[in-house]
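User: I would like to learn how to read a protein model. Can you take me through some features?

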Amino acid sequence: MKILLLGGSGMLGSDCREVLSQEYDVISPGSKDLDIVSWDMVIENLQKIKPHIILNCAGFTDVDACEKEEYLVKKVNVEGPRNLAQGAARFNCRMVQISTDYVFSGQKILPRPYFEDDPIDPVSAYGRSKVESEVAIKENAPNYIILRTAWLYGKNRDNFVNSIIRSAVESTKAIKIFEDQFGSPTWTYRLALQIKELLHSDIKGTFHTTAEGSCSRLECAVHILSRLKLKANLKPVSVKGHHAAAKRPANCILENRLLKRAGLNVMVDWKEDIDTYLDQYGKEIIKASRQKVNKRKGH
């Protein structure tokens, strides 16, 4: 079985390549060889590769930059997935698209989670583009899976978990962290395992796929520092007073209700996965940060 993986060098894509290569023939061309915005390139590659599954981990994910780059966001997050979905229909492929909690407003009363059939109401350009990409998939790919996830972290990429460790090691300044934004930190490796589980079934539709349980950003940071025995000055701030280009939802909690109903949920509690991740990569991240500090000091 062949999988055409888009965004294979990204945080989720690299874990998908690692996990899925154990069972599938994973082909992951770079954007120079397959630019998803180009219909001709999509069709050319599908004709040549003849995949059974298209897995799209590519996307414009810089939430603040999306506010200023609406044209580019539309191209990458909407036109690209539409091309892939139409290609999937033409070549009879299964299509897997990654989506986000940002399709919701985040206004639901905490700690109530969002379910798959809750009304969508994005508050940012990024969120709007992901809603449009979901529509494009549903309208064009007969055999699709849309996975909404949130608060991703993984090795070798910028993300909340890694940046907390780096900030604690590299700086003595107070680290500002939202105390009133809640979600479920989700390990990209675990999400890749979940994708594999779904590919073993013939299920289709839209599913929430985040770690079990939830926490605030602040609680997550405290847990990370405690696990690694690091000290840092954490300064709690409110998501409401956050002045950035894009609005941030306060409630990012997704419930994996449909995965559970189908008996396919392999996600575990967020603390369990963060602990495993920190045990595997924590020392490495700390070491790299300390080397950076020493370099700055001229040691």
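Analyst: We will look at backbone angles, then at a pair of helices.
This is a predicted model, where local features need pLDDT of at least 70, side-chain atom pairs count only at pLDDT 80 or more, and totals for chains, interfaces and linings use all residues. Residues are numbered from 1 along each chain as its sequence is written, and side-chain values use heavy atoms, with hydrogens and water left out.

User: Which residues does a cis peptide bond join?

Analyst: First, the naming: helices (H or I, at least four residues) and strands (E, at least two) are DSSP runs, numbered from the N terminus. The cis bond joins Leu110 and Pro111, with omega about 0°. Pro111 sits in the loop between β4 (94-100) and α5 (125-140).

User: Is Lys50 buried or exposed?

Analyst: Buried means under 20% relative accessible area, exposed over 50%, and partly exposed in between (1.4 Å probe, protein chains only). Lys50 has 58% relative accessibility, so it counts as exposed. Its phi is near 55°, a positive value in a residue other than glycine. Lys50 lies in the loop between α2 (39-49) and β3 (53-56).

User: What is phi of Lys229 near?

Analyst: Phi of Lys229 is near 55°. Lys229 is in the loop between α8 (217-228) and β12 (234-237). Lys229 is exposed, at 75% relative accessible area.

User: At what angle do the axes of α1 and α7 cross?

Analyst: Axes are lines fitted to C-alpha atoms, for helices over the stretch in contact (heavy atoms within 4.5 Å). Angles run from 0 to 180 degrees between N-to-C directions. The axes of α1 (residues 11-20) and α7 (residues 188-199) cross at roughly 50° and come within 8 Å.
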